[in-house]
Amino acid sequence: MWRIQVVLLLAFSAVSDAYGQDTDLLSLLGNDDVTEYATAAFKTNRVINLHSLESTAGGVLDFKINHRFGFINGGPYEFFGLDNAMMRLGFDYGITDQLTVGIGRSSFQKSFDGFLKYKILRQSTGKKVMPVTLAVLASSSLNSVKWADPTRDNYFSSRLFYTYQLIVGRKFSDRLSLQLSPTLVHRNLVATRAEKNDVYALGAAGRIKLTNRLAINAEYIYVLPDQLGPDYHNSLSVGVDIETGGHVFQLHFTNSTSMIEKGFITETVGQWEKGGIHFGFNVSRVFTIVDRTKHR
Amino acid sequence: MKKGIFAVCVFLMGSSALLGQKYFTKDGKVSFYSDAPMEKIEAHNTKAASVIDAENGQMEFAVLIKAFQFEKALMQEHFNENYMESSTYPKASFKGKIEDPGKLKLNENGTYETNVTGDLTIHGVTKSVTTPATFTVQDGQVVGKAMFTILIEDYGVKIPSVVKDKIAKEVKIDIESQYLPMDAKS
């Protein structure tokens, strides 16, 4: 009996010794769970026209140069649309990692626009688990084209448009990110009584990352029925993101002419099936204004 | 008799715990520097975890890749997304041994120059690394320092030719951590 116990004891100590050699020393520190936030669900803060769930990082200025060429169905005479171009120049700035502001000017309708975007929830795993990212966007724009009929009573407020949007999305994997954007567009002035001042729409967008520097994006905006005139259609865009160091090039096809929310959501006249498609691109160039290591 | 053996057991366990004094840190500093012709890049991580077993000289080190802070947000994004693929390989770790642990008296004040050899795992690739290291002991606090260079391509991280002038082939790694005796942990 005594011997057995000694043998057991020796065996036990040998085992524990071997175990002691093999254990992770680091496991002695316990499991300090950290919250890990999902990053880079999209390569930039726009999918194509729609705002993506990503924000501009705090202290970073993002210069946007966007072009939409003419409709492809203009044929060879218009060089398939390339003879014409609409343009938007814009600056987005990340005040913090959560709060982005932006301004822009579009040649289409001689519009000025501005927006505020705030990330309310960030997708995370670990200590704090959050399945989705949620952001809210408020943008407004001013159409500065001369009045069509200067003889009637024209009000400055008629030039203004407002868009409110929730962006809820998730980076499902390194490859796949999806988001939904319920939207309200308010137009102070509409052309006919049948058209609504408040237009409700739902945007859906996604990206599939093919390689570290190349991704495919698509977005579709469904406008709830009986709100727009018969000439307006839902916006559909598909494109690729190409990333090179400090630039992101987005090349795409879209039936929307405007590059601001109220325009591409409520004023899209192109029809895909009839070749009413623009080729276009967004170029995003970021400049670091505030050094992050000091920022924090 | 049984009680006697039990007592021996307890005694053995207690003594081995005393002999195997361990030191730890949870906020070790790991920095790296890339000095390429067109761009200098540095990043800092102040959340490294490490444990040293003074008895046998074993040591381990681990850092979360996402916890490296860069001056530019875009660099940080590219570092995680394009180069380190940190969602697939969230951690870099080191598991090794301090040379001649007998000479290293972590309970006596002094400065000890030694070598550390072990396996460094970055981006899922493990390579053997030996580096000179300095341990400075001051009133129970141990500061460990090491500096060495690694070749990026050794760890399977691909640098596209477009940015080859912006990212150095060889990256300098600088480590400084302040260890506390494990007992101090509470």
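Predicted model: local features only at pLDDT ≥ 70, side-chain atom pairs only at ≥ 80, totals over all residues.
**Entry 1: chain A as a whole**

I began with the secondary structure of chain A and found three helices and 14 strands. Then I looked up how spread out the chain is. Its radius of gyration is 26 Å, while the globule rule gives 19 Å for 296 residues, so chain A is more spread out than a compact globule. The C-alpha trace of chain A spans about 115 × 40 × 40 Å along its principal axes.

Next I checked burial and surface. I noted that 42% of the 296 residues of chain A count as buried. Chain A exposes about 15,100 Å², and 64% of that comes from carbon and sulfur atoms.

I also looked at contacts in chain A between residues at least 6 apart in sequence, and 58% of them join residues at least 24 apart. For charges, I wrote down 31 positive and 27 negative side chains in chain A, with the centres of the two sets 2 Å apart.

**Entry 2: chain B as a whole**

I turned to chain B, which has two helices and nine strands. What order do they follow along the sequence? I read the pattern as α-β-β-β-β-α-β-β-β-β-β.

Of the 186 residues in chain B, 42% are buried. The accessible surface of chain B comes to about 10,100 Å², with 56% belonging to carbon and sulfur atoms. Among contacts in chain B with a separation of 6 or more, I found that 61% are between residues 24 or more positions apart.

**Entry 3: where the chains meet**

I looked up the contact next: 36 residues from chain A and 40 residues from chain B take part. The size of an interface is often given as the accessible area lost when the parts come together. Here the area buried between the two chains is about 3,100 Å², and carbon and sulfur atoms give 56% of it. Which residues of chain B lose the most area to chain A? They are Glu60(B), Glu81(B) and Asn82(B), together 17% of what that side buries.

**Entry 4: the helix α2(B)**

Two of those names sent me to α2(B), where Glu81(B) and Asn82(B) are among the buried residues. Is this helix largely enclosed or largely open? Nine of the 11 residues of α2(B) are buried, so the helix is largely enclosed by the rest of the structure. Ala73(B), Met75(B), Phe79(B) and Tyr83(B) are also among the buried ones.

**Entry 5: two positive phi angles**

Most residues other than glycine have a negative phi, and I made a note of two that go the other way. Glu85(B), which follows α2(B), has a positive phi near 45°. I placed Glu85(B) in the loop between α2 (73-83) and β5 (91-98) of chain B. Glu85(B) is partly exposed, at 28% relative accessible area.

In chain A, Phe80(A) has a positive phi of about 55°, although it is not a glycine. Phe80(A) sits in the loop between β2 (60-71) and β3 (85-94) of chain A. Its relative accessibility is 44%, so Phe80(A) counts as partly exposed.

**Entry 6: Phe156(A)**

My last stop was Phe156(A), in the loop between β7 (133-143) and β8 (160-171) of chain A. Is Phe156(A) buried or exposed? Its relative accessible area is 52%, and the cut-off for exposed is over 50%, so Phe156(A) is exposed. I also checked its distance to Asn188(A), 32 residues apart along the chain: the C-alpha atoms of Phe156(A) and Asn188(A) are separated by 9.9 Å.

Notes
Residues numbered from 1 in each chain as written. Chains lettered and ligands numbered in written order. Heavy atoms only, no water. Helix = DSSP H or I, 4+ residues; strand = E, 2+ residues; numbered from the N terminus. Rg over C-alpha atoms; globule rule 2.2 N^0.38 Å. Buried < 20%, exposed > 50% of the residue type's maximum accessible area, 1.4 Å probe, protein only. Contact = heavy atoms within 4.5 Å. Areas by Shrake-Rupley, 256 points an atom, 1.4 Å probe, with all protein chains shown as cover. Lys, Arg positive; Asp, Glu negative; His and termini not counted. Charge placed at Lys NZ, Arg CZ, Asp CG, Glu CD. Buried area = accessible area lost by both parts, 1.4 Å probe.
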